[in-house]
Amino acid sequence: MAQAIDDDPRIIEFDVRTDEMLVNMGPQHPSTHGVLRLVLRTDGEIVSEVEPHIGYLHRCAEKIGENLTPRQWIPYTDRMDYLAAMNMNLGWALAVEKLMKHEVSEKARHLRVLIAELGRIASHLVGMGAYGLDLGTFSPFLYAFREREKILDLFEEACGARLTYSYITVGGLTADLPPGWLGKCEAFLAQFEPVIQEYHALLTTNAIFVKRTAGIGVLSPAMAIDYGCSGPVLRGSGVDQDMRRDGESVYTAMYDGYAFEVAVQKDGRYPRDHTYPAVPADAVLGDCWHRFFVRMLEVVQSMDLVRQAIDRYSACKGPLGEPLKLTEKLPAGDAYLETECPKGQMGFYLVSDGTSIPWRVRARSSSFSNLSVTAELCRGCLIADVPAIVGSLDIVMGEIDR
Amino acid sequence: MRGPAFLEKLEAVLPGAVTGRNLEALDPWIEVAPDRLVDVCRWLKESSDPRFDALECVTAVDWFEPDQKKAAKVTWQPRLELVYHLWSTAARASLVLKVSLPRWKDDTPGELPEVPSVAGVWRTADWHEREVYDMSGVTFTGHPDLRRILCPEDWVGYPLRKDYEMPLDYHGIRGR
């Protein structure tokens, strides 16, 4: 009988493996935030393995830094995290100032806080808007860009550029604020504050958004630390660490006298949580929703810091001070400094042999370490959850590839 | 436990592992023998006080002057220096480890120097060591997946070495 079935030409057996498939996502996939390529090994709808391939945006920034003076390298830091270029300028400027043991004037310090925190708001707005796009809702993106545009207008008025500012530089800032700028900034804050409730209505409490993010891509605190995650990714897992408070004194001195609470969940509560929507029941600490929510809280926190900085800056008498000479000699030695950028802890390391051009320049990217955890987070999730997880890490490829 | 006391403890637990130090530097650092690196790192992560549970950055510095005229004046020995920046989330303290390697293994140009991988201690090291391998040419023995990360897989040379020369041609694309 068995012989008869084998010989029957009407019965065809397919010898095709249907269990696993390799799917290439990117490098031009819109939800990969730039040019990131993810190779997914899928079993039906389930992702069993993810391998990120990076380097498409590699521009040899570190090698270029070995051939330029620190101030000449400032524009290259702009192009790392191009969504928060001010914070990148600041990180590098502070690292060089640490090596040179240089202190900026009181006025420059407060202006730096003001600018850096506005930069943080702008970056988190993109992070929030683009995250909505990843999950298939277009409107939050437009809402976010409407407000970001106003920050860019303020930046343009201060330094002339809208994306790559090179405003904060080694030894201070390239220029003081133009007259009337502070009034415009205050007007923006007054207009922006009520809008945040709109964002919460659009995304944070949106039933579809919560379904797509709550309980997805849970990152445990131990794993986050082990992978070197930082910024909102680390705080979203409940690790209480913010370089603005915990970092080296070179950096924390900048925030001396400023009142702010680190946006992290402690004992099941976020600071000042009465003004924000409640955490959804499905959300688990360390999931995509929490990472997103920490960013939203930081927008409010940064707004508060901007207000404090405006007060302190306008109380400062005296000059802003001049930035250091373009060809200022560096003392021999090395210095490493991490600053809290919107995407995480951005570290700059420079080694000097005593000339004005550093011997070695190194940028430790926060997104680089944050991205390395994707393989771990995506194991066992659905294909549709991959953009949700990658988007929640809020990476920027310019900073990863350098 | 900070500074000299911490170092004394480390030397008592792992005698001979520390080969150099500079506690007066901006970022105090200790130099570790390459073959003892994993032991030291494991101790720092698991048993020391404070415990350094996070590895922030791994990088390499190429101490080499390719210019013959300038090379005569330099004070340092040609070497490749690995720099590890550690961080303790609980104590909010940092520590810098340095490891000195020859620029080429057995002084044979083209043979990459070797150092044990710490990817088994901190997962951060996985990608960071791949980047150091890619950019500075160091083989991390015991690394789970050592291949280029930023450059294409068929790239020739290690761009962050001081004697690196840009290739004249890459798949028909003109360099220089």
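The lining of the largest pocket is made up of 15 nonpolar, six polar and 12 charged residues, where Ala, Val, Leu, Ile, Met, Phe, Trp, Tyr, Cys and Pro count as nonpolar, Asp, Glu, Lys and Arg as charged, and the others, Gly among them, as polar. This is a predicted model, in which local features need pLDDT of at least 70 and side-chain atom pairs count only at pLDDT 80 or more, while totals for chains, interfaces and linings use all residues. Residues are numbered from 1 along each chain as its sequence is written, chains are lettered from A and ligands numbered from 1 in the order in which they are written, and side-chain values use heavy atoms, with hydrogens and water left out.

**Largest pocket**

- The largest pocket holds about 870 Å³ of space; of the 33 residues lining the pocket, Ser352(A), Asp353(A), Trp359(A), Trp63(B) and Trp76(B) are the closest to its centre.
- On a 1 Å grid over the protein atoms alone, a pocket is an open set of points with protein on both sides within 12 Å along at least five of seven lines, a cavity is a set of points where a 1.4 Å probe fits but cannot get out, and lining residues have an atom within 4 Å of a point.
- Grid points are joined across faces, edges and corners, and a volume is the space filled by probe spheres set on the points.
- At least two lining residues each come from strand 6 and strand 7 (344–352) of chain A and from strand 4 of chain B.
- Strand 7 of chain A gives the largest share of this lining, three residues.
- Helices (H or I, at least four residues) and strands (E, at least two) are DSSP runs, numbered from the N terminus.

**Cavities**

- The whole structure contains four cavities of 30 Å³ or more, and the largest cavity has about 140 Å³ of space.
- Its lining has 14 residues, with Glu248(A), Tyr336(A), Glu338(A), Trp87(B) and Ser94(B) nearest the centre.
- Two or more residues of that lining come from each of strand 6 (333–341) of chain A, strand 4 of chain B and strand 5 (93–101) of chain B.
- By class, the lining of the largest cavity has seven nonpolar, three polar and four charged residues.

**Contact between chain B and chain A**

- Contact (heavy atoms within 4.5 Å) involves 39 residues from chain B and 41 residues from chain A.
- The two chains bury about 3,500 Å² between them, 54% of it on carbon and sulfur atoms; buried area is the accessible area (1.4 Å probe) that two parts lose on being put together, summed over both.
- Leu26(B), Trp127(B) and Leu150(B) lose the most area on the chain B side, together 20% of what that side buries.
- There are 10 salt bridges between chain B and chain A, each a side-chain nitrogen of Lys or Arg within 4 Å of a carboxyl oxygen of Asp or Glu.
- Asp27(B) and Lys98(A) form a salt bridge, with their closest N and O atoms 2.6 Å apart.
- Strand 3 (54–63), strand 4 (79–88) and helix 4 (124–136) of chain B each give at least two residues to the side that touches chain A, and strand 3 of chain B gives the largest share, 10 residues.
- That side of chain B has 21 nonpolar, five polar and 13 charged residues.

**Chain B and salt bridges overall**

- Chain B has four helices and nine strands, and its C-alpha trace spans about 55 × 40 × 30 Å along its principal axes.
- Over all chains, the structure has 50 salt bridges.
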